[in-house]
Amino acid sequence: MELYEMYYFAFNKSSEPMLFADPNTGRIFDVNQAFLALLGYAKDEVMVKTTFDLGLLPEEDSQPRQPLWVKTKNGSLKSGMVSATDLVHKEKMMRLMVFQEQSENGNFTLEEMLTQTISLISKISEFRDPYTSGHQKRTQKLACAIASEMKLSGEAIHHVSMAAAIHDVGKIYISSDILNKPGKLTQLEYQMLQTHVEVGYEIIKDFQLPWQIPEIISQHHERLDGSGYPKGLTASQIFLESKILAVADVVDAMNSHRPYRPALGIEAALEEICNYKGEKYDSEVVEHCVRLFKEKQAMPNRFKI
């Protein structure tokens with residue numbers, strides 16, 4: 001399934017106002033129900049207009065994300081921001097535009113826009129592989145808890161959160177036969193599965209996200225001793241955020257049921273990261289992760305992982 005088609009799944013299901021348009025002429029190819037509700041138009045009324053008519057691209061060289069006003073059917077203006085992503089479908093350039101209305105308090109933050117973008121990408125994963133979606137959410141919670149325990153800055157924790165929420169999005173390009181295979185993968189199948197990291201990077205880098213996000217995602221299967229993939233990076237070459245994501249990813253993956261094996265349990269997962277502490281996994285990250293689970297057992301309500 002093409003990336004464009006994956007976007008289309010999310011497009012039709014999303015509660016966020018979206019439309020597909022020609023980036024040069026502004027011609028509208030399709031618009032979802034959320035956008036129609038925002039504008040007050042019927043679909044056939046919108047389809048004869050352009051994005052320029054609606055005020056979505058006030059300037060020819062408009063930025064991928066900027067504040068603007070969108071015109072509704074009754075003539076009123078809605079204040080918000082638009083996020084635009086260009087895609088190629090059947091050799092035709094398409095622009096997916098997502099509009100977020102200004103918050104009720106009158107303020108619109110970049111963080112809100114980034115959160116919306118991450119939410120959209122995460123939804124794409126859900127339609128392809130329900131397991132991946134749940135795994136990403138659980139990994140996100142654990143990675144953020146570890147980052148908080150390590151007293152990373154608020155910005156760094158936010159980057160960990162966003163990267164973890166979509167770290168396996170590249171699996172949308174992996175065959176379902178491989179993702180859901182009940183038996184052991186062949187060497188070739190495993191090599192194909194490994195490509196999800198680079199594919200995920202290629203998808204995410206086209207979004208207007210902080211540069212750290214695609215980099216963190218690209219490194220989440222790297223290991224300190226160079227035994228990871230895709231580049232075989234070693235300790236000093238790997239971002240701390242990626243080291244945190246790597247540990248959280250392994251712990252949740254081992255503690256989750258997969259078609260080829262039952263869940264191994266949290267004890268086995270913690271034993272894995274402890275056995276390879278300082279070799280494959282960052283020692284400090286492992287220590288904080290283990291402490292989290294020990295304290296969770298002692299105080300179950302403290303951490304919701």
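Me: Which helices each supply at least two residues of the lining of the largest pocket?

Reply: In this predicted model, helix H6 (130-149), helix H8 (176-179), helix H9 (187-194) and H12 each supply at least two lining residues, and H12 gives the most, with 4 residues. Helices here are DSSP runs (H or I, at least four residues), numbered from the N terminus.

Me: What makes this space a pocket, and how much space lies in it?

Reply: About 850 Å³ lies in the largest pocket, a volume being the space filled by probe spheres set on grid points that are joined across faces, edges and corners. On a 1 Å grid over the protein atoms alone, a pocket is an open set of points with protein on both sides within 12 Å along at least five of seven lines, and lining residues have an atom within 4 Å of a point. The pocket has 28 lining residues, of which Tyr-190, His-221, Tyr-229, Ala-253 and Tyr-260 are the closest to its centre.

Me: Why is the pair of Trp-211 and Phe-239 called edge-to-face?

Reply: Rings of Phe, Tyr and Trp (its six-membered ring) pair if their centres lie within 6.5 Å, and planes over 60 degrees apart count as edge-to-face, under 30 as stacked and the rest as tilted. Trp-211 and Phe-239 have 5.9 Å centre to centre and 70 degrees between the planes, so the pair is edge-to-face. Trp-211 lies in the loop between helix H10 (196-204) and helix H11 (212-218), whereas Phe-239 lies in the loop between H11 and helix H12 (240-254), 28 residues apart.

Me: Why does Trp-211 count as exposed, and why is Phe-239 called partly exposed?

Reply: Exposed means over 50% relative accessible area, buried under 20% and partly exposed in between (1.4 Å probe, protein chains only). Trp-211 therefore counts as exposed at 55%, and Phe-239, at 26%, is partly exposed. Arg-291, which is found in helix H14 (residues 283-298), is also partly exposed, with 35%.

Me: How do you know that Lys-280 lies over the face of Tyr-276?

Reply: A charge sits over a ring if NZ of Lys or CZ of Arg is within 6 Å of the ring centre and within 35 degrees of the ring normal. Lys-280 lies at 4.5 Å from the ring centre of Tyr-276, and this distance is within the 6 Å limit.

Me: What should be kept in mind about the numbering and the values?

Reply: Residues are numbered from 1 along each chain as its sequence is written, and side-chain values use heavy atoms, with hydrogens and water left out. Local features need pLDDT of at least 70 and side-chain atom pairs count only at pLDDT 80 or more, whereas totals for chains, interfaces and linings use all residues.

Technical notes:
1 Å grid on protein atoms, 1.4 Å probe; cavity = no way out; pocket = protein on both sides within 12 Å on 5 of 7 lines; lining within 4 Å.
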